[in-house]
Amino acid sequence: MAEHLASIFGTEKDRVNCPFYFKIGACRHGDRCSRLHNRPTISPTLLLSNMYQRPDMITPGVDPQGQSIDPRKIQEHFEDFYEDIFEELNKFGELESLNICDNLADHMVGNVYVQFKEEDQAAAALKALQGRFYSGRPIIADFSPVTDFREATCRQFEENSCNRGGYCNFMHVKQIGRELRRKLYGRYRRSYVSRSRSRSRSLSPPRHRRSGDRHSVEYRDRGDYRGSGRRSGDRPGRYDSDGGGRRRHGSPRRNRSPVRGSPVREGSEERRARIEQWNRERDEK
């Protein structure tokens, strides 16, 4: 029974949990939904509900005064918003993705999904966004259950064949231009790589290698497993005060192979033969 419930969790066959909320973090029924919305207490993904206000909110391609809008102006307005949000949220950690919905339904219009590399980065961003405003409107932020956007996006929209239009229940992710993507993700990825490299150099200074230090160097390169089972090098900035991968003070240095000149340990049969020889010699005396 438990295996069956686990296999249908978050699918249409699940009569308890809402599949749409599980997949896209939003449901058109809202709090009136007959199924449960399991809100996560921690997640690497944040949802900023209805944050992006497109200039043609009422009628696509037309402004509130009824005048037509140049599509290039709409794209420019969107990319300005995207860059603004990206640079602000990137202060809390490296962004895996930033997706903004182009849907028109009330529960999805203007939704911003930001996925961080680590959950604690998302938690720090959520805390900082509480009580803040953007363009005179309060920012409504919360953790989202969405971690795989391939299941949340509309494949027909990506193929320009979705017949539901802006009222589709799956994400219609609005795309930015290639130049802006290269500028944002390329620049910040390089900055994070250089920052992590400089941090690792400062925390693990080079040492002169002696003949017996081979194992200690290999141990540091692999990463030091501590506490929760993660490697200290897996999460940037999560180093102990002793310098991350370096061995703890006072811990003995072990070698896989015996040091040159040290006695070689005998096998059990050899030891028994030697003991019998000693006993014979003692009896003969």
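A pocket here is an open set of grid points with protein on both sides within 12 Å along at least five of seven lines, and its volume is the space filled by probe spheres set on the points. In this predicted model, the second largest pocket holds about 390 Å³ of space. Its lining is made up of 20 residues, and Gly25, Ala26, Cys27, Ser49 and His107 are the ones nearest its centre. Sorted by class, that lining has 7 nonpolar, 8 polar and 5 charged residues.

Now step back to the whole chain. The secondary structure amounts to 9 helices and 8 strands. Of the 285 residues in the chain, 35% are buried. Taking contacts between residues at least 6 apart in sequence, 59% join residues at least 24 apart.

| Strand paired with S3 | Residues | Bridges to S3 | Direction |
|---|---|---|---|
| S1 | residues 45-48 | 4 bridges | antiparallel |
| S2 | residues 95-100 | 5 bridges | antiparallel |

Which residue of S3 is the bridge partner of Leu47? That partner is Tyr113, and Tyr113 is also the bridge partner of Asn99. Asn99 sits in strand S2. Is Asn99 buried or exposed? Asn99 counts as buried because its relative accessible area is 14%, and the cut-off for buried is under 20%. Beyond its neighbours within four places in sequence, Asn99 has contacts with Asn111, Val112, Tyr113, Phe149 and Val173.

Next comes the interior. In soluble globular proteins, nonpolar side chains tend to be buried together. The largest nonpolar core in this chain has 27 residues, and those touching the most other members are Leu46, Leu48, Tyr82, Leu89, Leu98, Val112 and Phe116. At least two residues of this core come from each of S1, helix H3 (71-89), S2, S3, helix H4 (119-129), strand S6 (141-143) and helix H7 (178-203). H3 gives the largest share of this core, with 6 residues. Leu89 touches Leu48, Leu95, Val114, Phe116 and Leu129, when residues up to four places away in sequence are not counted. Another core, of 11 residues, lies apart from the largest one and includes Ile24, Leu47, Tyr113 and Ala152.

One more residue deserves a visit. Phe78 belongs to helix H3, and Phe78 counts as buried because its relative accessibility is 0%. What does Phe78 contact, leaving aside its neighbours within four places in sequence? The partners are Tyr52, Ile100, Lys174, Gln175 and Ile176. Phe78 and Ile100 are 22 residues apart along the chain, and their C-alpha atoms are separated by 9.4 Å.

Definitions and conventions: Residues numbered from 1 in each chain as written. Predicted model: local features only at pLDDT ≥ 70, side-chain atom pairs only at ≥ 80, totals over all residues. Heavy atoms only, no water. Pairing = 2+ DSSP bridges. Buried < 20%, exposed > 50% of the residue type's maximum accessible area, 1.4 Å probe, protein only. Contact = heavy atoms within 4.5 Å. Core = buried A, V, L, I, M, F, W, Y, C linked by side-chain atoms within 4.5 Å. 1 Å grid on protein atoms, 1.4 Å probe; cavity = no way out; pocket = protein on both sides within 12 Å on 5 of 7 lines; lining within 4 Å. Nonpolar A, V, L, I, M, F, W, Y, C, P; charged D, E, K, R; others polar.
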